[in-house]
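User: I have a structure open and would like to go through how its parts pack together. Could you help me with that?

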Amino acid sequence: MATRVIGASGLARDLGRWRDPEPDGDSPERRPHRPAYLALAEAIRLLIHDGRAPLGVALPSERDLAATLGVSRTTITSTYSLLREHGYLISRQGSRSTVALPPAVAHDGAKPTRGIMALMAQPELPTIDMTYAAMSAPPELHDAYSMALQGIPAYLGTHGMDPVGVLALREALARRYTARGLPTEPDQILVTLGAQHGLRLLLNVLTSPAARVLIEHPSYPNAIEAIRDVGARPIPVPLRPEFPHAGWDLDGLRSTARQTAATLAYLVPDFNNPTGLLLDEEGRAELAAIARDTRMTIVVDESMSDLNLSDAPMPSPVAAFAKGSEIITIGSASKSFWGGLRVGWIRTNQALITKLLGIRSTVDLGTPVMDQLATIHLLENAEPILDRRREQLRAQRATLLAAVAEDLPGWHIAPGAGGMSVWAQLPSPVSTALAATAPNHGVLLAAGPRFGVQGAFERFLRLPFTHPEPDLRLAVKSIAAAYEALTPRAADPLQPLTCY
């Protein structure tokens with residue numbers, strides 16, 4: 001089988017503004033200026049860890065990449081050698097070098113190492129990982145598993161593999177949907193290994209290679225990669241905060257669906273990740289109408305639906321406005337309770353569930369019973385847990401916003417109505433370069449382009465507020481130091497970065 005190759009132009013697009021600016025000779029503090037090969041290696045390493053340079057694919061030839069980036073062949077040779085030295089490239093005789101992860105990362109699931117960055121001889125710093133938006137487990141999780149342990153004997157006389165899901169959990173989920181204004185029966189629920197697993201099952205059934213799938217822009221990066229992984233094409237429809245319906249361009253969504261003949265969309269109207277925006281009631285009714293008018297199925301991700309941080313009540317579920325099967329809902333216990341609780345679900349019609357079960361048997365044979373039983377206990381006692389977590393998130397968000405206002409006054413943030421992150425607009429398009437240099441200052445960041453397609457969002461950065469408040473303050477100070485080190489002129493959006 002031929003090795004897949006990343007094109008030089010595609011890699012250049014994803015790299016964004018990877019170059020360091022030249023030192024400012026007039027500055028009283030001349031900062032160290034990294035060689036081009038080191039800056040480029042850092043940028044490619046970031047793409048690998050972000051998943052935008054997939055494992056096993058080959059990088060462009062040295063000659064092609066040098067010509068595309070406008071650097072010398074020696075720079076590319078040194079870059080590839082450095083990546084190879086630290087385990088990010090594997091070379092075999094007679095074939096191209098392919099993308100890899102260092103053994104410690106690939107086998108242990110560790111966070112990105114500082115191997116390449118250590119060449120800058122920076123002192124080791126405690127690292128705050130701002131690449132994820134997830135909270136630690138609530139104390140009630142221990143009780144939930146204790147209750148699950150007491151309930152497990154009833155299932156030990158069976159083979160324990162139920163691809164549909166434990167009936168008691170499906171009943172609990174159906175009750176929650178019904179209480180939210182969406183009448184639901186247990187046989188409309190399929191329990192999965194998280195919302196991401198549910199999305200992947202749906203993509204396997206509802207798409208085909210080269211199919212077009214509409215997404216909000218920006219959107220959840222793992223969803224974008226899942227769409228690409230099945231051979232489909234994510235088609236972006238920009239979120240515009242200044243538009244009605246809290247930023248959803250519904251006219252644009254309708255026209256894009258018609259122009260592209262897309263038959264599927266993936267949307268996060270309940271606190272979009274990364275912006276935290278919430279689609280209003282009127283917009284939800286319009287969204288369901290668009291699905292019917294264009295004969296398009298919409299997968300609505302409700303993973304964040306429990307995290308309303310505003311005083312306004314939650315609007316009805318989008319599926320409550322459906323007149324048929326045009327709206328499919330996926331949800332998860334991971335954001336509400338704990339990321340390690342890999343329990344999610346799909347709410348749809350029985351006919352589609354039957355098709356999904358046919359696909360599921362080729363992937364897995366069901367969600368662990370213990371986890372499902374623990375989730376039942378959490379759902380039955382959800383409100384006190386969620387009230388406390390929402391209060392915690394509000395306080396942490398306020399701390400993050402105050403820290404950004406103090407240490408990064410040129411950055412603009414319009415906080416959404418909920419969720420776990422804010423979407424920060426930078427004065428200059430340096431998101432990728434900032435994420436590459438930030439680990440030298442003790443913080444890991446997910447660059448803005450990770451949340452979009454076609455190299456978009458170099459002027460944006462997702463900032464989660466799921467860490468304790470002292471860590472958030474320290475993280476912002478570290479980001480400010482990295483931003484200042486990146487370029488003394490970064491605060492001036494009209495001053496281009498120096499290329500060399």
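User: Is the crossing of H1 and H3 left-handed or right-handed?
Analyst: In this predicted model, H1 and H3 cross in a right-handed manner.

User: At what angle do helix H1 and helix H3 pack?
Analyst: Helix H1 (residues 8-15) and helix H3 (residues 62-69) make an angle of about 50 degrees, and their axes lie 9 Å apart.

User: Why is H1 called oblique to H3?
Analyst: The angle is about 50 degrees. Angles under 35 degrees count as roughly parallel and 65 to 115 as roughly perpendicular, so H1 is oblique to H3.

User: Which residues make the contact?
Analyst: H1 contributes Ala8, Ser9, Leu11, Ala12 and Leu15, while H3 contributes Asp64, Leu65, Thr68 and Leu69. Of the residues in this contact, six are nonpolar, two polar and one charged.

User: Now the sheet. What is the order of its strands?
Analyst: The sheet is open and has seven strands in the order E4-E10-E9-E8-E7-E5-E6, with mixed pairing. At its edges are strand E4 (189-192) and strand E6 (233-238), each of which pairs on one side only.

User: How many bridges join strand E8 to strand E9?
Analyst: Four bridges join E8 (residues 297-301) to E9 (residues 327-332), and the two strands run parallel. Asp301 stands opposite Ile330 in E9.

User: And which strands does helix H7 touch?
Analyst: Helix H7 (residues 167-179) packs on the sheet and touches E4, E9 and strand E10 (344-347). The direction of H7 makes about 120 degrees with that of E4.

User: What about helix H9?
Analyst: Helix H9 (residues 221-229) also packs on the sheet, touching strand E5 (212-217), E6 and strand E7 (264-267).

Definitions and conventions:
Residues numbered from 1 in each chain as written. Predicted model: local features only at pLDDT ≥ 70, side-chain atom pairs only at ≥ 80, totals over all residues. Heavy atoms only, no water. Pairing = 2+ DSSP bridges. Contact = heavy atoms within 4.5 Å. Axes fitted to C-alpha atoms, helices over the stretch in contact; angles between N-to-C directions. Parallel < 35°, antiparallel > 145°, perpendicular 65-115°, else oblique. Left-handed = near helix turned anticlockwise from the far one by under 90°. Nonpolar A, V, L, I, M, F, W, Y, C, P; charged D, E, K, R; others polar.
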